[in-house]
Amino acid sequence: MTSGVRKLPTGFGRLWTAQTVSSLGDGVSHAALPLLALALTRDPMALAVVTAAGTLPWLLFGVLGGALVDRWDRRRTMWVTDAARAVLLAIPAAAAALDVLSIPLLAAVAFLLGLGGLFFDTAATAYLPDLLGRDPALLERANSRLRGTQTAASGFVGPPAGSALLALGRAVPLLADAVSFAISALLVRSLPAAPRPAPQARESLLRQARDGASYVIRDRLLLGLALRPAVGNIAFLAVETVLALFAHDRLGINTFGFGLLLTAEATGGLLGAGIASFLGRRLGTGTALTCTAAVEGLAILGLAAAPNPHAAGLALAVCGAGMGATMVLGPSLRQAIVPAHLMGRVASTSRMLAMCAAPFGAFLGGWLATTYDIRTPLYTAAGLLLTMTAVTSTMTSNRRVEAALRAAAPADDPDHLESSDPVQRSALQCSARAPIGVVDRVDEGE
């Protein structure tokens, strides 16, 4: 039986449900937290502190966190982390109810939530290939579903709900997110256990962390996959830091309208996740990643020049489509080509590079808005995204993708050959029977 008709395992359904529920809570907080911070201060730099705090754990503990995940039981890491985050959110909820909420408290909670996200996301990324047998086609299908429902929950339902719940009280959206973490923890705890990677005798944690980082840096494809979100996060955090202020002051959008603006981005994200596999088959994964990165840059440029809320919503929808496709294609490729015993460290190193760039982007956005104009961070972000697209295009080319999949696929596993898209399959088979148009496109374009 080929992977094209192979069903996703039952355990994936529980993981899918858990992440959907958690994403719904995240969507509530995604709209509520900037508005809570905005109610406390109008200082762009203070808003930047809250935004950046959630990304600092990746800067401080990213690679070490991946090394720990490669030592720990990945399922247990996920459910314990979600349970801890549910308890943590009770603190700002109580502070909001007592009217003692402050920017320092929001920043501290954001930091601890980010630390929990480091362990959960790394463990989930490493757990999924084990659950799906490292099958490239199943990984792409699974990531498409995860990304699609995550976008729908955190984008469509969550932001408007967060804005509406905030009207009922400052503590309400925080409590809703806490409940979502608790439900996710219960569902993850019921997942089947995955085999823990064999321990590497007498290797220190620092040595294992360094090995994972070196594996990414030495591989141009993995490095290119890591650099895209790193530069992207500088750009997107510069935009996110000032987006609520930009929407309110320049576009005249009220609290509820801000939730709808985020929903427009989610609409595009859902579409992008849905067509990611088609783009990969049609263009090849490498070319598709380059195209989606270019779309993101052009969309942010359109947002910066938007004269009204409708144009801004359209620009965010286009940007979301590019991001949605990228976040299916990139992780699926990484999960298919990285050895299981390195998956946690490679995932955390890649994520660390992205997240370490985020605080810089947040402070860059706040500084540019304070020094120049509220639109300046948006124009700067667009320029960064388009420059990144040009620089990394050859690092993640179709030819590099094909070579990596050929090296990762077991020689005696015909399912890997049949599960890949046409461009990938031509490389794995090393056969002249591949479609002529596909071969020509790879040779001429890459």
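Trainee: What makes Tyr372 count as exposed or buried?
Mentor: In this predicted model, Tyr372 has a relative accessible area of 55%. The label exposed is for values over 50%, so Tyr372 is exposed.

Trainee: And why is Trp367 called partly exposed?
Mentor: Trp367 has a relative accessible area of 44%. Partly exposed lies between under 20% for buried and over 50% for exposed, so 44% puts Trp367 in that class.

Trainee: How do you know which kind of pair the rings of Trp367 and Tyr372 make?
Mentor: Happy to walk through it! The count of aromatic pairs comes to three. For Trp367 and Tyr372, the ring centres are 5.8 Å apart and the planes stand at 90°. Centres must lie within 6.5 Å, and planes over 60 degrees apart count as edge-to-face, so this pair is edge-to-face.

Trainee: What places Arg189 over the face of Trp79?
Mentor: Arg189 lies 4.8 Å from the ring centre of Trp79, and the distance cut-off is within 6 Å. Arg189 is listed as lying over the face of that ring.

Trainee: What span is expected for helix H13, and what does H13 reach?
Mentor: H13 covers residues 309-337, 29 residues in total. From first C-alpha to last, H13 reaches 42 Å, close to the 42 Å expected at 1.5 Å a residue.

Trainee: How many residues of H13 are buried?
Mentor: Of its 29 residues, 22 are buried, so H13 is mostly covered. Across the chain of 446 residues, buried ones make up 56%.

Trainee: What makes Asn308 a cap for H13?
Mentor: A side-chain oxygen of Asn308 lies 3.1 Å from the backbone nitrogen of His310. The limit for a polar contact is within 3.5 Å, and Asn308 caps the N-terminal end of H13.

Notes: Residues are numbered from 1 along each chain as its sequence is written. This is a predicted model: local features need pLDDT of at least 70, side-chain atom pairs count only at pLDDT 80 or more; totals for chains, interfaces and linings use all residues. Side-chain values use heavy atoms; hydrogens and water are left out. Rings of Phe, Tyr and Trp (its six-membered ring) pair if their centres lie within 6.5 Å; planes under 30 degrees apart count as stacked, over 60 as edge-to-face and the rest as tilted. Buried means under 20% relative accessible area, exposed over 50%, partly exposed in between (1.4 Å probe, protein chains only). A charge sits over a ring if NZ of Lys or CZ of Arg is within 6 Å of the ring centre and within 35 degrees of the ring normal. Helices (H or I, at least four residues) and strands (E, at least two) are DSSP runs, numbered from the N terminus. The expected span of a helix is 1.5 Å times one less than its number of residues. A polar contact is a pair of N or O atoms within 3.5 Å; within protein, one must be able to donate a hydrogen and the other to accept it, and residues adjacent in sequence count only if both atoms are side-chain atoms.
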